[in-house]
Amino acid sequence: MNSKIEAILAKKGKAPVSELTAYDYPSARLVDEAGIDMILVGDSLGMVMLGYPDTTHVTLNHMLHHTEAVARAAKNAVVIADMPIHTYETPEQALETARALMAVGADAVKLEGGAAKEEHIRTIVQAGIPVQGHIGLLPQKVKEEGGYRMHGKTDEEAAAIMRDMEAVVRAGAFSVVIECTRHAVAAEITKACPIITIGIGAGKGTCDGEVAVYHDLLGGFPWFVPGFAKQRANISAEITRAVKEYIADVQRPE
């Protein structure tokens, strides 16, 4: 495991971990230079970069292209590449996909699923590739589950997510994303989890760190913003203003 990931692990119980998505060279360079701990090249690029309705249209070629660009920019942050849907159906395929993403510059890979993917994670980790798990809401299963919803609302669901966390830990992952999970459940899982937990839509301060989508944070995709996202800028409005100003200048007679 590389020194950057070891530094992240050392923060467990001592300091919050910051993670943010980025999908291209300039955004990754800006995020990296700002001091982010981890950059996720998320398959959310399918929506915010490519215009798909969800992440299920993202291919490995998409992820390789964007991961390579981000890796060129990031000098300090841990670069984690999402493994897209249908590229880790078996442990053997999972390892092949992980190796491809590492070959273009990723420091680690992320895949969705807990107990059902324990052997997949273990196979990747045993090959020397760091893995970030992902439990709770799984965006790649959004069609199967009939949409996005909060998880962990019942005792049975909470127990299942806890089992997923335990499976991810047994398999050797260095961190795990907990998405759209009831806040009290996310906090309980974090307390029991020996590795870094990263929340998204799981409550402020319930996990060891948080991850956000770059465009949600900066107001870069105004057509859809998740209810849990906290927008800290409005670059879309500024882009529109600048473009309208340019158009007016071009059309202005001499």
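I note here that the model is a predicted one.

**Entry: helix α4**

I checked the length of α4, which covers residues 60–73. With 14 residues at 1.5 Å a residue, the helix should span 20 Å, and its end C-alpha atoms are 20 Å apart, so the two values agree.

Next I listed the buried residues of α4. They are Met63, Leu64, His66, Thr67, Ala69, Val70, Ala71 and Ala73. An α-helix has 3.6 residues a turn, so residues three or four places apart point the same way. I kept that in mind while reading the list.

I then looked at single pairs. β4 (residues 108–110) and β5 (residues 131–136) run parallel and are joined by 2 bridges. In this pair, Lys110 stands opposite Gln132 of β5. Between β6 and β7, also parallel, I found 5 bridges. β7 and β8 pair in the parallel sense over 2 bridges, and Ile198 has Gly209 of β8 as its bridge partner.

**Entry: Thr21 in β1**

Thr21 sits in strand β1, residues 17–21. Is Thr21 buried or exposed? Its relative accessibility is 2%, so Thr21 counts as buried.

I looked for polar partners of its side chain. One is the side chain of Tyr23, at 2.9 Å. Another is the backbone nitrogen of Tyr214, which the side chain of Thr21 reaches at 2.8 Å. Leaving out residues up to four places away in sequence, Thr21 touches Leu40, Ser44, Ala212, Val213 and Tyr214.

**Entry: Ser175 in β6**

Ser175 belongs to strand β6. I found its relative accessibility to be 0%, so Ser175 is counted as buried. Which side chain makes a polar contact with the side chain of Ser175? That of Gln132 does, at 3.0 Å. Gln132 is the residue that Lys110 stands opposite in β5.

On the β7 side, Ser175 stands opposite Ile196. Apart from neighbours within four places in sequence, the contacts of Ser175 are Val131, Gln132, Gly133, Val168, Ile195 and Ile196.

Why is β7 described as largely enclosed by the rest of the structure? I counted its buried residues: 5 of the 5 are buried, so the description holds. Ile196, Ile198 and Ile200 point one way from the strand, while Thr197 and Gly199 point the other way. Residues on both sides are buried. I also noted that β6, α9 and β7 make a right-handed β-α-β unit.

Gly201 lies in the loop between β7 (196–200) and β8 (209–212). At 15% relative accessibility Gly201 counts as buried, because the cut-off is under 20%. Gly201 touches Met150, Cys180, Thr181, His183 and Phe228, not counting residues up to four places away in sequence. Its C-alpha atom is 12 Å from that of Ala187, which is 14 residues apart from it along the chain.

Most residues other than glycine have a negative phi.

Cys180 is not a glycine, yet its phi is positive, about 40°. Cys180 is in the loop between β6 (175–179) and α9 (183–192). With a relative accessible area of 10%, Cys180 is buried. Cys180 is also one of the residues that Gly201 touches.

His86 has a phi near 70°, again positive and again in a residue other than glycine. His86 is in the loop between β3 and α5. Is His86 buried or exposed? Its relative accessible area is 53%, so His86 is exposed.

Conventions. Residues are numbered from 1 along each chain as its sequence is written. This is a predicted model: local features need pLDDT of at least 70, side-chain atom pairs count only at pLDDT 80 or more; totals for chains, interfaces and linings use all residues. Side-chain values use heavy atoms; hydrogens and water are left out. Helices (H or I, at least four residues) and strands (E, at least two) are DSSP runs, numbered from the N terminus. The expected span of a helix is 1.5 Å times one less than its number of residues. Buried means under 20% relative accessible area, exposed over 50%, partly exposed in between (1.4 Å probe, protein chains only). A polar contact is a pair of N or O atoms within 3.5 Å; within protein, one must be able to donate a hydrogen and the other to accept it, and residues adjacent in sequence count only if both atoms are side-chain atoms. Contact means heavy atoms within 4.5 Å. Two strands pair if DSSP finds at least two bridges between them. A crossover is right-handed if, with the strands pointing away from the viewer, the path from the first strand over the helix to the second runs clockwise.
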